[in-house]
Amino acid sequence: MKIFLDRQSPKPIYLQIHDRLSSLIKSGALQAGDRLPSIRSLAENLQVNKLTVIEAYNVLEADGVICARQGSGYFVNTHLVSANLKPTFAPEQEVIIKEPGGNSFFDMHVARVQAQAQPGMIDLSFGFPCPPKNIMQISKRALKQVDVLCKYDLPQGQLVLRRQIAQMLVHQGLDVSPEDLIITNGSEQALSLAMSHFVQPGDWVIVEAPTYYGAIAILENLGAKIIGIPMKAEGINLELLEQYLKSHRPKLIYTISTLHNPTGLTTTQAHRQKLLALAEQYECPILEDNAYEGLNFEPVPAPIKALDKHDLVTYVGTFTKTLMPGLRVGYMVVTGKHYQAILERKLVHDIHVSTVSQAIVSEFLASGHYRRHLSQLRAENIQSRNIMVQAMERYFPAEAKWTVPKGGLFLWVQLPADIPIGAMTKEALSQNVLIFCGSAFFPDKQGYPAMRLTFANSPQDIEQGISVLGKLLKKHLDKSGEKISKCYTLVHSI
Ligand SMILES: Cc1ncc(COP(=O)(O)O)c(C=O)c1O
């Protein structure tokens, strides 16, 4: 491999190495699965410092082009040869109206945590990342700040962490100050604080259908009436949204604009602008949940909050999907008059978020390990998403349709109307495969038959899990086919 370096050029050497390797990969001279030269040998060969090669490899890794395998070196990512994975998501556009009452969040959460802990269980249900490799080391360093950790904190959280988050958000196109931020116990608490601030019992609230079941549960608890507007590939159905904004005058629109849970879809830029324009026209606040931020394989549009000039959007993020759910560190951006009221509500809930958890997240951000951890996660997740989609193409019947998310942790499989998805979820569990039944993501707990599958798993578990699900799907389709043909014979014999 020849890499020519121009030492007179203003372009840094590490970028020259990066560009040359990128073009070798694009041209096919380096192919998916190929091993890159070791850091030491390339540094010697080019007569540069090892750190220069590490920096070049870090940028290629962040581009999603190469990945590091522990103990074996750097390899060209295999997803580069799988660009033909096609999403087939095309759901019916039916609005769901849900009156107050009913809440199964508690039972559902507890049952899944217990099932997940069973030995040998293939968990395609929960969405959380592999723990960072250096968590112990970083935590030890964070715990050294005894003076800060031993005192009570402000309800909005530590200033140093709020500054770091504000800086991180600037890279996403969201220019906020630490004074607009409140650190929360996961994003679930942020959603709860915002929803209880904006919504009174009996108020109408608009959500995407399907949407995150934990948000539905909060709204059910508040006694809200929920309108589920269907999702399209580019985001919420705007025609239906406008119709219901006009007729029902809702008090809040809840949207997961980027790497939506459960579909994995990202609302397009044009759609974001129109959504905000409608919210402004009908003076309806937006709650923008960006729980999967940082897990995108490709650039994503800036948050809707970045377009907000009238303090209409409350923005929510979290570190539970990128670092560890158990840290319970999330945050919200609240600009304008609502900040103080939400902060006071936060204080009476739990005083403040654990100073230990805040210090650990802060140390991850300060040390640069967070950025490296994210690029590692993205590289692993791209591969496992591809492995899952390829396995579905092999094992699933043609009637199943799915999204191919450009990030996040899971994808959404839409099934034919006659698949008994509740029964199938139980059958899969009896074969040690835990999936998330799609009905949980619809406000009326019904919707069309579907399942959410987490791809952040080992290739072996994905292969095994998808083959079990494929067999179950085919069995149920054969059964429904038999029923139809029996009916058909009956009609003819009358
Ligand atoms: C879209 C979305 N928002 C919020 C949450 C809550 O996450 P946490 O409270 O762990 O940050 C989740 C968890 O699954 C989620 O998927």
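Guide: What follows is a set of questions on the terms used, each with its answer.

Visitor: How do you know which features can be described?
Guide: This is a predicted model, in which local features need pLDDT of at least 70 and side-chain atom pairs count only at pLDDT 80 or more, whereas totals for chains, interfaces and linings use all residues. Residues are numbered from 1 along each chain as its sequence is written.

Visitor: What makes a stretch a helix or a strand, and how many are there in the protein?
Guide: Helices (H or I, at least four residues) and strands (E, at least two) are DSSP runs, numbered from the N terminus. The protein has 16 helices and 17 strands.

Visitor: How do you know whether the radius of gyration agrees with that of a compact globule?
Guide: The radius is taken over C-alpha atoms, and the globule rule is 2.2 Å times the number of residues to the power 0.38. For 494 residues a compact globule would have a radius near 23 Å; the protein has 24 Å, and therefore the two agree. The C-alpha trace spans about 85 × 60 × 45 Å along its principal axes.

Visitor: Why is glutamine 376 called buried?
Guide: A residue is buried if 20 or more other C-beta atoms lie within 10 Å of its own, exposed if 12 or fewer, and partly exposed in between, with C-beta atoms placed from the backbone. Glutamine 376 has 20 C-beta neighbours inside 10 Å, so it counts as buried. Its place is in helix H14 (residues 369-395). Of the 494 residues of the protein, 44% count as buried.

Visitor: Why is glutamine 164 called partly exposed?
Guide: Glutamine 164 has 19 other C-beta atoms within 10 Å, so it is partly exposed. This residue is in helix H7 (residues 159-171). Setting aside neighbours within four places in sequence, glutamine 164 is in contact with Ser362, Leu365 and Ala366; two residues are in contact if their C-beta atoms, placed from the backbone, lie within 7 Å.

Visitor: What makes valine 95 partly exposed, and which residues does it touch?
Guide: Valine 95 has 15 other C-beta atoms within 10 Å and is therefore partly exposed. It is found in the loop between strand S2 (73-76) and strand S3 (96-98). Not counting residues up to four places away in sequence, valine 95 touches Ile227, Gly228, Ile229, Pro230, Leu240 and Tyr244. Across the protein, 76% of the contacts with a separation of 6 or more are between residues 24 or more positions apart.

Visitor: What makes a residue part of the shell around the ligand, and which are the closest?
Guide: A residue is near a molecule if its C-beta atom, placed from the backbone, lies within 6 Å of it. The ligand is surrounded by 14 residues, of which the closest are Gly186, Glu188, Ala291, Thr318 and Thr320. Helix H8 (residues 186-198) gives the most to this shell, with three residues.

Visitor: How do you know that H8 and helix H9 meet?
Guide: Glu188, Leu191, Ser192 and Met195 in H8 meet Gly214, Ala215, Ile218 and Leu219 in H9. The axes of H8 and H9 (residues 213-221) come within 10 Å and cross at roughly 35 degrees; axes are lines fitted to C-alpha atoms, for helices over the stretch in contact, and angles run from 0 to 180 degrees between N-to-C directions.

Visitor: What is remarked upon in the backbone at proline 210 and proline 262?
Guide: The peptide bond from alanine 209 to proline 210 is cis, with omega near 5 degrees. Proline 210 lies in the loop between strand S6 (204-209) and H9. Asparagine 261 and proline 262 are likewise joined by a cis peptide bond, with omega about 15 degrees. Most residues other than glycine have a negative phi, and most peptide bonds are trans.

Visitor: What is the phi of arginine 249, and why is this residue called exposed?
Guide: Arginine 249 has a positive phi of about 45 degrees although it is not a glycine. With 12 C-beta neighbours inside 10 Å, arginine 249 therefore counts as exposed. The residue lies in the loop between helix H10 (238-248) and S9.

Visitor: What makes isoleucine 351 exposed?
Guide: Isoleucine 351 has 11 C-beta neighbours inside 10 Å, so it counts as exposed. Its phi is positive, about 65 degrees, although it is not a glycine. Isoleucine 351 lies in the loop between helix H12 (338-350) and helix H13 (355-367).
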